[in-house]
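Thanks for coming, everyone. Please look at the model on the screen, and then I'll take you through a few parts.

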Amino acid sequence: MPRLLFGTHIVNTAPWPVARAMARAADVQRWHSVWTYDHMYSPLGAWLPVLAQARGESEETPCLNGWALLSALAPLTQRVRIGCLVSAITFHQPTVLAKMAATVDVISGGRLTLGLGAANYEPEHEAYGLPFPSLKERHDRLEEAAQIIRKLFKSTGRVSHSDGTFYRLHNAPFVPVGARPGGPPILIAGSGEKRTLRTAARYGDAINVGGSPAEVRHKIEVLEKHCEAAQRNPAEIHKTVGIMAYLTRSEEERQKILGVLHSYLPAAFVQTMPIGSAQQIVDNVSGYVGLVDEVIFLVQQAGLEVMEQFDQGVLAAFD
């Protein structure tokens with residue numbers, strides 16, 4: 001079977017000793033990348049309470065900051081790529097985010113990927129008093145932020161950005177840009193065909209989309225059209241798909257989780273979620289072979305045992 005790359009979340013709700021051990025394990029296993037997430041509290045507690053309950057989580061579960069956690073994991077690993085999947089543009093001023101990313105990239109020896117997204121969960125913004133603009137404005141901000149960050153990463157001197165709608169730079173020095181010239185790669189997350197994938201074609205080095213293999217294939221075709229308009233080679237863009245994965249101990253447990261998920265989510269969405277035994281997850285993920293470069297498991301139980309089970313039972317099948 002052709003080889004796929006795999007990434008996984010080091011979930012922010014894992015206790016620090018567990019997160020540290022998971023990152024170190026990933027570094028010596030078959031994982032290509034490890035990721036934190038950019039949320040103020042457990043996203044499972046808010047979005048999928050049934051899985052949160054299965055993991056013992058709620059919105060009150062301790063949740064570490066994704067970027068602070070990433071900076072701690074960077075020097076503890078040597079091989080895997082690292083990143084925050086993804087940084088909400090509503091949470092971060094892009095010039096400050098670029099400096100954070102360049103710093104973590106230096107700490108990691110050039111292994112950071114900077115993930116950017118337009119944000120989509122309004123209650124989290126309301127809870128913390130953060131503005132949540134219209135969808136159009138969030139996408140406008142994402143595109144301008146990606147443009148500015150790209151300018152900063154490619155800078156060899158001072159940078160100005162005076163014609164933007166939301167952000168300004170005035171003769172700004174930016175040193176270092178990261179561990180090497182050009183700075184860390186920029187990943188644009190989201191499946192929006194008109195704006196998100198266009199922004200990725202213009203400024204991204206990688207994308208992260210979701211959906212079934214057929215849906216992802218369509219998204220890549222849209223990306224290719226945007227690349228043609230932007231005079232980009234789509235082969236230069238690292239293509240990743242984010243999918244939720246849950247390794248169950250029995251068919252009874254699998255059916256129970258699937259049953260509850262079907263009551264919360266559309267059937268077509270649930271079908272894209274690899275839930276079950278290691279072989280069932282392999283069968284589900286196989287549809288992405290030859291379509292994307294990397295599969296990133298967005299939700300996974302925390303702990304070394306499940307990391308080993310995924311490594312030996314799932315990732316090994318794609319070597």
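At what angle do helix H1 and helix H4 pack? About 55°, with their axes 10 Å apart. H1 covers residues 16-28, and H4 covers residues 66-73.

A word on the source. This is a predicted model, where local features need pLDDT of at least 70, side-chain atom pairs count only at pLDDT 80 or more, and totals for chains, interfaces and linings use all residues. Residues are numbered from 1 along each chain as its sequence is written, and side-chain values use heavy atoms, with hydrogens and water left out.

Back to the pair. Which residues make the contact (heavy atoms within 4.5 Å)? From H1, Trp 16, Ala 19, Arg 20 and Ala 23. From H4, Leu 69, Ala 72 and Leu 73.

Next, helix H8, residues 196-203. The buried ones are Thr 196, Leu 197, Thr 199, Ala 200, Ala 201 and Tyr 203. What covers them includes helices H7 (135-153) and H9 (213-230), and strands S7 (186-189) and S8 (206-209).

Last stop: Glu 143, in helix H7. Its relative accessibility is 10%, so Glu 143 counts as buried. Leaving aside neighbours within four places in sequence, Glu 143 is in contact with Arg 195, Arg 198, Thr 199, Arg 202 and Tyr 203. Of these, Thr 199 and Tyr 203 are also among the buried residues of H8.

Definitions and conventions:
Axes fitted to C-alpha atoms, helices over the stretch in contact; angles between N-to-C directions. Helix = DSSP H or I, 4+ residues; strand = E, 2+ residues; numbered from the N terminus. Contact = heavy atoms within 4.5 Å. Buried < 20%, exposed > 50% of the residue type's maximum accessible area, 1.4 Å probe, protein only.
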